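Biologist: Please put the model up, and then I will ask about its sheets and its aromatic rings.

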Amino acid sequence: MSRKLVIAHIGNGKSTNRYHLPFILNRPEKFIVKAIYQRTLRPTGWDKIPGVDYTDNLEKILNDKEIDVVIVNTPSAAHYSAAKKVLEAGKNCIVEKPFSTSVEDAADLFKTAKNNGVMVQCYQNRRFDSDFLTAQKVIESGKLGKIFEICMHYDYYRAEIPEGEKTFNRANAFLYTHACHTVDQVISYFGKPQKVISDVRQLLGAGRMNDYFDLDFFYDGFKVSVKSSYFRAKIRPSFEVYGTRGTFIKAEQDKQEADLKKFYLPAGHADFGIDKPENYGTIIYYDDAGNYHEEKVKSEVGDYARFFDALYNTIINGAPQLVTEEQTMLQMKILADAGKDLA
């Protein structure tokens with residue numbers, strides 16, 4: 001290991017403190033967090049990290065030659081403008097999801113990165129969700145035969161959010177803020193679809209928040225459906241995989257987010273984010289002899305820190321980016337096409 005990667009953050013809210021820092025700080029042999037920019041320095045409810053420079057001077061970060069990577073964790077609408085400044089300053093940049101709110105802005109960020117000899121990448125940590133990794137394991141086992149349908153759900157019952165939003169704002173559309181997780185999972189594992197059919201709604205009426213999406217990705221011989229809503233009092237299974245020989249159902253989502261919300265952090269907790277047996281999915285299938293099987297499938301271990309391990313290998317060791325420009329631009333095009341009638 002030649003050296004540590006020096007990181008700064010733009011934004012000091014939930015995203016930085018809940019979804020990034022617990023994993024970066026748990027890799028002290030690879031990373032140093034040098035600075036965190038906050039537009040107005042004030043208490044945020046998050047504990048300050050000893051040794052980190054909290055600043056309201058963005059230029060101080062952009063002009064610091066020691067900083068290798070700046071991570072943009074602003075509200076979605078400001079992702080493009082903040083990332084643009086970072087790239088023009090000649091620094092590598094990680095941008096939280098959604099990468100931007102338009103195809104044009106996304107393309108411009110990649111162009112700016114190339115022009116300045118640096119890297120820009122979207123933070124797609126959900127590639128390392130336990131339920132997603134477990135579904136992959138089951139698919140690759142061959143026990144389900146030929147796969148013909150996969151359903152992925154990312155549900156909530158948070159009616160107060162769309163009910164409290166009286167106007168439409170594309171940057172806050174459910175399609176952009178939540179489909180960006182599951183659409184990337186589909187693209188990263190299955191590749192570019194032959195076509196996408198979308199049903200994106202504003203359940204409370206025109207001019208209100210987008211609070212529902214249903215996207216169908218068609219591949220050669222199978223379909224992947226990604227569905228989500230704020231109005232699911234009983235959530236649907238996280239993953240359903242259907243094949244000619246059987247079915248796999250994973251009812252519950254990855255536990256990392258739930259643990260983070262309880263401040264049960266990866267540092268010092270070997271069981272962080274790990275499913276208990278009662279959380280395991282179930283596979284039902286017929287074997288080659290026609291015998292029926294119904295079994296629990298031990299969940300794979302999810303670990304968002306794997307994104308940062310990949311980032312380290314890219315910047316320090318020259319490895320290819322985990323999340324490619326092609327994947328990000330494909331996602332942006334899919335989201336733009338699905339949401340074109342929202343207003």
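This is a predicted model: local features need pLDDT of at least 70, side-chain atom pairs count only at pLDDT 80 or more; totals for chains, interfaces and linings use all residues.

Modeller: Residues are numbered from 1 along each chain as its sequence is written, and side-chain values use heavy atoms, with hydrogens and water left out.

Biologist: Which strands stand at the edges of the open sheet of six strands?

Modeller: Helices (H or I, at least four residues) and strands (E, at least two) are DSSP runs, numbered from the N terminus. Two strands pair if DSSP finds at least two bridges between them; here the order is 3-2-1-4-5-6, with parallel pairing. Two strands have a single partner strand each, so one side of each is left without a neighbour in the sheet. These are strand 3 (53-55) and strand 6 (120-122).

Biologist: What angle does helix 3 make with strand 5?

Modeller: Helix 3 (residues 79-88) packs on the sheet, touching strand 1, strand 4, strand 5 and strand 6, where contact means heavy atoms within 4.5 Å. Axes are lines fitted to C-alpha atoms, for helices over the stretch in contact, and angles run from 0 to 180 degrees between N-to-C directions. On that basis the direction of helix 3 makes about 165° with that of strand 5.

Biologist: In the open sheet of eight strands, what does the twist average from one strand to the next?

Modeller: The order is 8-9-10-7-11-12-13-14, and the pairing is mixed. Strand 8 (195-201) and strand 14 (292-297) stand at the edges. From one strand to the next, the twist averages 10°.

Biologist: Which residue stands opposite Thr247 in strand 13?

Modeller: Strand 12 (residues 246-250) and strand 13 (residues 281-286) run antiparallel and are joined by four bridges. Opposite Thr247 stands Ile284.

Biologist: How many residues apart in sequence are the parts that the pair of Phe132 and Phe239 ties together?

Modeller: Rings of Phe, Tyr and Trp (its six-membered ring) pair if their centres lie within 6.5 Å; planes under 30 degrees apart count as stacked, over 60 as edge-to-face and the rest as tilted. The structure holds 20 aromatic pairs, and the one between Phe132 and Phe239 is stacked, at 6.1 Å centre to centre with 20° between the planes. Phe132 lies in helix 5 (residues 130-141) and Phe239 in strand 11 (residues 239-243), so the parts tied together are 107 residues apart.

Biologist: Which lysine lies over the face of Phe218?

Modeller: A charge sits over a ring if NZ of Lys or CZ of Arg is within 6 Å of the ring centre and within 35 degrees of the ring normal. Lys48 lies over Tyr54 at 5.2 Å from the ring centre. Over the face of Phe218, at 4.9 Å from the ring centre, lies Lys195.

Biologist: With which side chain does that of Asp216 make a polar contact?

Modeller: Asp216 is in strand 9 and, at 15% relative accessibility, counts as buried (under 20% relative accessible area, with exposed over 50% and partly exposed in between; 1.4 Å probe, protein chains only). A polar contact is a pair of N or O atoms within 3.5 Å; within protein, one must be able to donate a hydrogen and the other to accept it, and residues adjacent in sequence count only if both atoms are side-chain atoms. At 2.6 Å, the partner of Asp216 is Ser225.
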